[in-house]
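Visitor: I would like to learn how to read some features of a model from its atoms. Please take them one at a time.

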Amino acid sequence: MLYTKPFIANQKNYYVSKRLLDWLSKQPFHFLKNYISGQSLKYLRSQQPVLVFSIPENQYNQTLSLFQNLSLKQNLRLHQYKNAFKVILWIFEEEPKVEYHFLIQKPFIYPHVLISIDRLRYNPYKEAWLGNPQDERDLLFGKIRLIKPHELNMMHILTLVVYTSMLDFIIEKETFELLKSQISEEEFRKLNTEFLRNQFLKILTSARPSVAFLSMDELGILDWFLPELAQIKGFKKYQNYKNDLFFHCIYSCDYISNPDPVFRLAGLLMNIGKSESTKIQKEKKNVYLNEDSISAAIASQILKRFQFPVDISNKVHFLIKNHQYYTNINLSEKSLRKFIKKIDEEKMNMILQFFQSNKKAYANHIPYSLPIRKLLAVYEKEKELKIKDLEFKGEDIKLMGISPGPIYGITLKYLLEKVKKGELENKKEVLRKEAISYLEKEGFLIKQE
């Protein structure tokens, strides 16, 4: 490979957690813990709740029958395939329960792309992955070594690219040369959109998305898969920056700890609109005109091409187009108020979740950065219930036959405090009854017997 990166062989996510093994030991299918396949590694490293088990042929039918019986009594789902079956179940007795997928297969049943570490097996007693020495070395040094097939198509190649990000591995030299020799743009263009979108999603929700984009770049397929990302290579926002915009975007995606595709896409594409065409010099500084809107528009085009759901596209567009409101400390309170009037509580919560998932932004600011704290202060001030928000108005007091005067404001303020404390619902009839009671008490109305 042409790039290097630090690799941590003892990363805890490469191993099956003791908690999961303890839970497994107490189940009727406890024997499965002895058959955890190396195919589980990519899911473990990406913190996805999936385990793959490769069990002996003579135990397969018995195990299938066991789960068929359990599915009649317990809250689990069973899906059968030709030489394997999948069990979806909810594990751990205490809350929160976790939905796990167990793929249980016959021995020597492998995916259409087999890499060396797939052949390893987890030893729960030694807490180690064991197999032949070469496969163990590939795990130790973080290498993807292709075992089969030797005749590759573009689906195989993209699958291996996805594995690099799921495992946080690099492609071993001989495998890399084989991939490069069998790449075909013509074949790539024939891949259906659903397959491409699924690979994109797997990258976004993986352990380290940047590794896949780097692998695509080195293999020469990034121009076909995500040309907008390939086109910003070499452009630096400032000349003294270590990385160009391409690296900035893919590492920004890595920094998003929440694997929600909305947040990872926003991290990846938030600055993609910065370019020479949008740059001007202002007071000897680079300023990028309409970069938020341009980045949001580019992101929408990308998501439309991959046929992402409209809901995801809209959320990504919102986070990118409006990111200055939660990253720029210099915005005036007037600008923030104008922005807040356009958003609801759901969008505000999405902004906070996105910020909190940004490991780089969140690391030095507890609990929030200055721009976020400023935005929150204005938000709380604007969203606070006011007299004008009450369903019961001054006109309603007038209809009671009370002449205009200070009592209007005093009564409405009294009702507002009751609503804020949760003692009254903000409903017209409820407030009207309370207003009558209050005005009678204060001597402005004659009590009705």
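Guide: What follows goes through aromatic pairs, charges over rings, a pocket, cysteines and a proline. This is a predicted model, in which local features need pLDDT of at least 70 and side-chain atom pairs count only at pLDDT 80 or more, while totals for chains, interfaces and linings use all residues. Residues are numbered from 1 along each chain as its sequence is written, and side-chain values use heavy atoms, with hydrogens and water left out.

Visitor: How many aromatic pairs does the structure hold?

Guide: A pair of aromatic rings is described by the distance of the centres and the angle of the planes. Rings of Phe, Tyr and Trp (its six-membered ring) pair if their centres lie within 6.5 Å; planes under 30 degrees apart count as stacked, over 60 as edge-to-face and the rest as tilted. The structure holds 21 such pairs. In one of them, Phe200 and Phe225 have ring centres 5.6 Å apart and planes at 80 degrees, so the pair is edge-to-face. Phe200 belongs to helix H8 (residues 193-204) and Phe225 to helix H10 (residues 222-225), so the contact ties together parts 25 residues apart in sequence. Helices (H or I, at least four residues) and strands (E, at least two) are DSSP runs, numbered from the N terminus.

Visitor: Are Phe200 and Phe225 buried or exposed?

Guide: Buried means under 20% relative accessible area, exposed over 50%, and partly exposed in between (1.4 Å probe, protein chains only). Phe200 is buried at 0%, and Phe225 is buried at 2%. For Phe263 and Phe354 the centres are 5.7 Å apart and the planes at 40 degrees, so that pair is tilted. It links helix H13 (residues 261-269), which holds Phe263, with helix H17 (residues 345-357), which holds Phe354, 91 residues apart. Phe263 and Phe354 are buried.

Visitor: Which ring has the charged end of Arg45 over it?

Guide: A charge sits over a ring if NZ of Lys or CZ of Arg is within 6 Å of the ring centre and within 35 degrees of the ring normal. Arg45 has its charged end over the ring of Tyr14, 5.5 Å from the centre. Lys106 lies over the face of Tyr60, at 5.1 Å from the ring centre. Tyr60 is also part of an aromatic cluster, with Trp23 and Phe29 among the other members.

Visitor: What lines the second largest pocket?

Guide: Rolling a probe the size of a water molecule over the atoms shows where empty space is left. On a 1 Å grid over the protein atoms alone, a pocket is an open set of points where a 1.4 Å probe fits, with protein on both sides within 12 Å along at least five of seven lines; lining residues have an atom within 4 Å of a point. The second largest pocket is lined by 24 residues, with Gln39, Lys42, Tyr43, Leu103 and Pro111 nearest its centre. Helix H5 (154-167) is among the elements giving two or more residues to this lining, and H5 gives the most, with 5 residues.

Visitor: How many disulfides does a search of the whole structure find?

Guide: A disulfide is a covalent bond between the sulfur atoms of two cysteines. The cut-off is a pair of cysteine sulfur atoms within 2.5 Å. The search finds 0. The sulfur of Cys249 is 9.5 Å from the closest cysteine sulfur, that of Cys253, too far for a bond. Cys249 is buried at 1%, and Cys253 is buried at 0%.

Visitor: Where does Pro124 lie?

Guide: Pro124 is in the loop between strand E6 (121-123) and strand E7 (128-130). With 13% relative accessibility, Pro124 counts as buried.
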